[in-house]
Amino acid sequence: MISQSTVLAAAFPPSVEDFYLPSILPWNQHESYWFTKITVLVWVAVAAIIIFFLMSYRKPQLVPTKKQWLAESIYGFVRNNIAVDMIGPQGVRFAPYLTTLFMFILVNNFFGILPLVQISPMSHIAFPAVLAVISYVMFIWVGIKKHGMAYFVHAVKPNAPLGILPLLIPIEIFSNFLVRPFSLAVRLFANMFAGHMLLLVFTLGGFAMINANVFLAPVSVLSWVLTIAITFLEFMVICLQAYVFTVLTASYVQGSLADEH
Amino acid sequence: MINLYLAAAPEEDGHNPIFPIWEEIVVGSVAFAVLCFVLIKFVFPQMEKTFQARVDAIEGGIKRAETAQAEANQLLEQYKTQLAEARTEAARIRDEARADAEGIRQDVLAKAREESDRIIAAGNEQLSAQRESIVRELRSEVGTLAVDLAGKIVGEALADEARTRGTVERFIADLDTTAGRR
């Protein structure tokens, strides 16, 4: 770990390339992306979530065990506090997907601060983009299923005086159908990217200073202490971003299901 | 070393973080699809079922409790009615007993009064009979005594029975009248 860090320390300030580690299989290849630390982490997250839920819900009981209670709490949280709160009683339909989404983002985000792993797959925009596209397709699909083609009229025509509509309709089209998937994907990606970058700056900065001048050692220590503090901050961001992504998806679905705009 | 090289010349074949890598899109889609499939197909419906079962269990419990409560209330009502009936019954019996006792008392009193009246009457009768006989005896006694006394005083025997009787009769009559006047 230390030797790796000192190697990295040579690369201060950290760059975008620090996010693109060489592939594992084939070993140390830079243009191969099928089997990298990032993709392995995604599979690990998927496996971990599946194993956790299957293990804790293998034999569900009326009076839950501790593990079962935990699994139920996660589902219950998304079901009641996001799906039903945002969408209403019919939100129960969407609770399973929203919970899966929430857990997938949360666990993948968490790799960003997990010791020895410390990079989140979500800091590669491909993964948030996939999720955002699913949310995008989903809310449009739900809208069409509910209102037919009239959904597009619903979605872009606000309840406003006729005179202002020529101005509002393009804005609504732009915000609802063009910006939404990008804002979803970029929000999550940028948070994870920035978090990783911050940790890199403070960790590598410490090494850079101590390498430059031994008398800067106290500042280096301060820098590393701050790394720990930022890790806690990151933990908050991780949970918050998983929550925000899920809530926004639920909110878009709710907008598509609403009778009145 | 590589990092150093990349940091020195990042623009050569550098990555743009805002452009997704298509291999990662594929991996992400497949991984997320697998996750969705397993969780949505096997786990969450199970959870909903458990939630429903729990709701049923609780509601069933509530219903059972309500039935039991109603039953208990009905029983209580029944007991209360029975108790009230028993109370009225007891009161009735008590009243009857009181009435009976009163009747018996009255009977006994009446009997006692009758008995005493009878005893008094008998006593009176006896008394008056005695008095009658005493008076009769006294009368003859007084007559004899008076005649004896008079004979002794006068010193001669009043031979003539008839006169004597007449005198005595008159005397006693006088006595009677004086006694009657007094």
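In chain A, 38% of the 261 residues count as buried. All of this comes from a predicted model, in which local features need pLDDT of at least 70 and side-chain atom pairs count only at pLDDT 80 or more, while totals for chains, interfaces and linings use all residues. Residues are numbered from 1 along each chain as its sequence is written, with chains lettered from A and ligands numbered from 1 in the order in which they are written.

As for confidence, the model scores ipTM 0.87 and pTM 0.70. Chain B has a mean pLDDT of 84, with 86% of its residues at 70 or more; pLDDT is the predictor's confidence in each residue, on a scale from 0 to 100. Within chain B, the element with the highest mean pLDDT is H2(B), at 91, and the one with the lowest is H1(B), at 43. Residues 1-12 of chain B have pLDDT below 50, and beyond near neighbours in sequence this stretch makes 15 contacts in the model. A contact here is a pair of residues whose C-beta atoms, placed from the backbone, lie within 7 Å.

Chain B has three helices and zero strands, so its pattern along the sequence reads α-α-α; helices are DSSP runs of H or I with at least four residues, strands are runs of E with at least two, and both are numbered from the N terminus. UniProt, in an unreviewed entry, puts a "coiled-coil region" at residues 62-96 of chain B. Such positions follow the numbering used here, feature names are shortened, and annotations may be inferred rather than shown by experiment. In the model, residues 62-96 of chain B are 100% helix and 0% strand, and the end C-alpha atoms sit 50 Å apart.Turning to the meeting of the two chains, the contact takes 39 residues from chain A and 33 from chain B. On the side of chain B that touches chain A, helix H1 (2-8) and helix H2 (22-154) of chain B are the elements that give two or more residues. H2(B) gives the most, with 22 residues. By class, this side of chain B has 23 nonpolar, seven polar and three charged residues. Ala, Val, Leu, Ile, Met, Phe, Trp, Tyr, Cys and Pro count as nonpolar, Asp, Glu, Lys and Arg as charged, and the others, Gly among them, as polar.

Chain A contains eight helices and zero strands, and its C-alpha atoms fill a box of roughly 70 × 55 × 40 Å along the principal axes. Among contacts in chain A with a separation of 6 or more, 63% are between residues 24 or more positions apart. Helix H7 (residues 165-212) and helix H8 (residues 217-257) of chain A pack at an angle of about 170°, their axes 8 Å apart. Axes are lines fitted to C-alpha atoms, for helices over the stretch in contact, and angles run from 0 to 180 degrees between N-to-C directions. H7(A) and H8(A) are therefore roughly antiparallel to each other (over 145 degrees; under 35 is roughly parallel, 65 to 115 roughly perpendicular and the rest oblique). Their contact involves 17 nonpolar, 10 polar and three charged residues.

The UniProt annotation "transmembrane region", from an unreviewed entry, covers several stretches of chain A, including residues 94-119 and 222-244. Residues 222-244 of chain A are 100% helix and 0% strand, with the end C-alpha atoms 32 Å apart. Over residues 94-119 of chain A the figures are 62% helix and 0% strand, and the end C-alpha atoms are 30 Å apart.

Terms used. A residue is buried if 20 or more other C-beta atoms lie within 10 Å of its own, exposed if 12 or fewer, and partly exposed in between; C-beta atoms are placed from the backbone.
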